[in-house]
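Colleague: I have just opened this entry and would welcome a guided tour. Could we go through it piece by piece?

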Amino acid sequence: MVTRFALLKELSALVPDDVLVLTSIGNNSGFWGQLKDRETNLFHLTMGMCSSTALGLSLALPNRKVIALDSDGNLTLNLGVLGTIGNEAPRNLTIVVMDNGNYLGSHKDEPGMPTATSGKMNLEAVAKGCGIENACTIEDVAAFRERIQSALANPGPHFIRARIEALDKDGPRKTKRVPDPRENKYQFAGYIQRTEGVEILGSGLGGG
Amino acid sequence: MKPEKAQLVVNGLKEAGVDFAAGVPDAQFIEVYKMLAEDRDIRYVGTANEAEAVGVGFGAWFGGKKPALILATSGLLVATYHLARINLLHEVPVLVVIPYRGDIGDPRWLGLYRKTTEPGLNAMDIPYRVVSRPADVVRSIKECNESARAWLKPVAVLLNEEALW
């Protein structure tokens, strides 16, 4: 089986700068922030909030590719979102689920308590059952590369369940500070305002 | 709910510039949801639960939309963690419109929500206005949304009594 870091490293080489990447809390945010330091990342999406945020963003900006880097524990907390994605069917949305089968948390030396996916739950089957036809499971870098390239080139929604090692034994060296939620908001919204010609942050009078 | 009162809510959202809405249908507010689902100016996304709706609205804001969440009083409880998070950590504006069950004038006694709605909003530091008169619905929705966007935080409108029933 492959590691989260190996897949994120591969993704960092594949994803164009104008693709918006949203990351769930924990190591998806921590690792991605080290690998791809750029203003088109939205970090720290808490339990149950990663794919739903990506859905809202993809509907608001239908001409912009959006990738959600979600995880099994995060997604299963709000699993109904897959039904909403299936019905809304945004063509520009790709959900990548780092499925390690446990509630890892960060900086742990042994796997956490199991998620439902370590038992009988198959997220690819769930996604397909929700009407997301482009759903798959990958277990190595080559298959992941192929699926990401396909997702970037073809209409979605796409759902990639990545079966990864239970523990993050490898990872990037921490050289950069991942922006906090407010700082990240201004960076990300500022980029969208500048490139999409929409007003997000308003007049700024709220600060006094 | 009478259709003319539901229309006031939709008119208020339009006056406020709201162009995106998410939520889970509530029996007392069903006419509003139906109107939103058919409206051409407001993109309505029906979600599986209200916490999901918070994420969808939050994401839509980053895409330049002016989002509103249409939440039942029970749904506010479901949404609480994500709503608190976008208010206190991210500081992102979303208008929250709530048919206020359990307040004075509600034909059914739903005291649970009287105990949870306003205290819950206060605990999350989400400002709100309680609206009782139909004549105040449009103006209040507009003003609450203006405040949300200026302050970069969610603001709620609670519609009760004769404003609804």
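Modeller: In this predicted model, chain B follows the pattern α-β-α-β-α-β-α-β-α-β-α-β-α when read along the sequence. That comes to seven helices and six strands.

Colleague: What is the radius of gyration of chain B, and what does the globule rule give for 165 residues?

Modeller: The radius of gyration of chain B is 14 Å, close to the 15 Å from the globule rule, so chain B is as compact as a globular protein of that length. Its C-alpha trace spans about 40 × 35 × 30 Å along the principal axes.

Colleague: How many of the 165 residues in chain B are buried, as a percentage?

Modeller: Buried residues make up 55% of chain B. As for contacts in chain B with a separation of 6 or more, 78% of them are between residues 24 or more positions apart.

Colleague: Which order do the strands of the open sheet in chain B take?

Modeller: The order is 2-1-3-4-6-5, and the six strands of this open sheet in chain B have parallel pairing. Strand 2 (43-46) and strand 5 (128-131) of chain B are the edge strands, each pairing on one side only. On average, neighbouring strands of this sheet are turned by 20 degrees against each other, direction ignored.

Colleague: How many bridges join strand 3 to strand 4 there?

Modeller: Three bridges join strand 3 (residues 67-70) of chain B to strand 4 (residues 95-99) of chain B, and the two run parallel. To find the place on screen, look for Ala68(B), which stands opposite Leu95(B) in strand 4 of chain B.

Colleague: Which strands does helix 6 of chain B lie across?

Modeller: Helix 6 (residues 137-151) of chain B lies across strand 4, strand 5 and strand 6 (155-159) of chain B. Its direction is at about 165 degrees to strand 6 of chain B.

Colleague: Over how many bridges do strand 4 and strand 6 of chain A pair?

Modeller: Strand 4 of chain A pairs with strand 6 (residues 158-163) of chain A over six bridges, in the parallel sense. Thr94(A) stands opposite His158(A) in strand 6 of chain A.

Colleague: Why is helix 2 of chain A described as largely enclosed?

Modeller: Eight of the nine residues of helix 2 (residues 27-35) of chain A are buried, so the rest of the structure largely encloses this helix. Among the buried residues are Asn27(A), Phe31(A) and Trp32(A). The buried residues of helix 2 pack against helix 1, strand 1 (20-24), strand 2 (41-45), strand 3 (66-71) and strand 4 (93-99) of chain A.

Colleague: At what angle do helix 1 and helix 7 of chain A pack?

Modeller: Helix 1 (residues 4-14) and helix 7 (residues 141-153) of chain A pack at about 35 degrees, their axes 10 Å apart. The crossing is right-handed. Residues of helix 1 of chain A that include Leu7(A) and Leu11(A) meet residues of helix 7 of chain A that include Phe144(A) and Ile148(A). By class, this contact has seven nonpolar, one polar and two charged residues.

Colleague: Lastly, how many residues of chain A are in contact with chain B?

Modeller: 32 residues of chain A are in contact with 29 residues of chain B. Helix 3 (50-60), helix 5 (81-88) and helix 8 (181-196) of chain A each supply at least two residues of the chain A side. Helix 3 of chain A gives the most, with eight residues. The residues on the chain A side divide into 16 nonpolar, eleven polar and five charged.

Methods. Residues are numbered from 1 along each chain as its sequence is written. Chains are lettered from A and ligands numbered from 1 in the order in which they are written. This is a predicted model: local features need pLDDT of at least 70, side-chain atom pairs count only at pLDDT 80 or more; totals for chains, interfaces and linings use all residues. Axes are lines fitted to C-alpha atoms, for helices over the stretch in contact, and angles run from 0 to 180 degrees between N-to-C directions. Helices (H or I, at least four residues) and strands (E, at least two) are DSSP runs, numbered from the N terminus. A crossing is left-handed if the near helix is turned anticlockwise from the far one by less than a right angle, and right-handed if clockwise. Two residues are in contact if their C-beta atoms, placed from the backbone, lie within 7 Å. Ala, Val, Leu, Ile, Met, Phe, Trp, Tyr, Cys and Pro count as nonpolar, Asp, Glu, Lys and Arg as charged, and the others, Gly among them, as polar. A residue is buried if 20 or more other C-beta atoms lie within 10 Å of its own, exposed if 12 or fewer, and partly exposed in between; C-beta atoms are placed from the backbone. The radius of gyration is taken over C-alpha atoms; the globule rule is 2.2 Å times the number of residues to the power 0.38. Two strands pair if DSSP finds at least two bridges between them.
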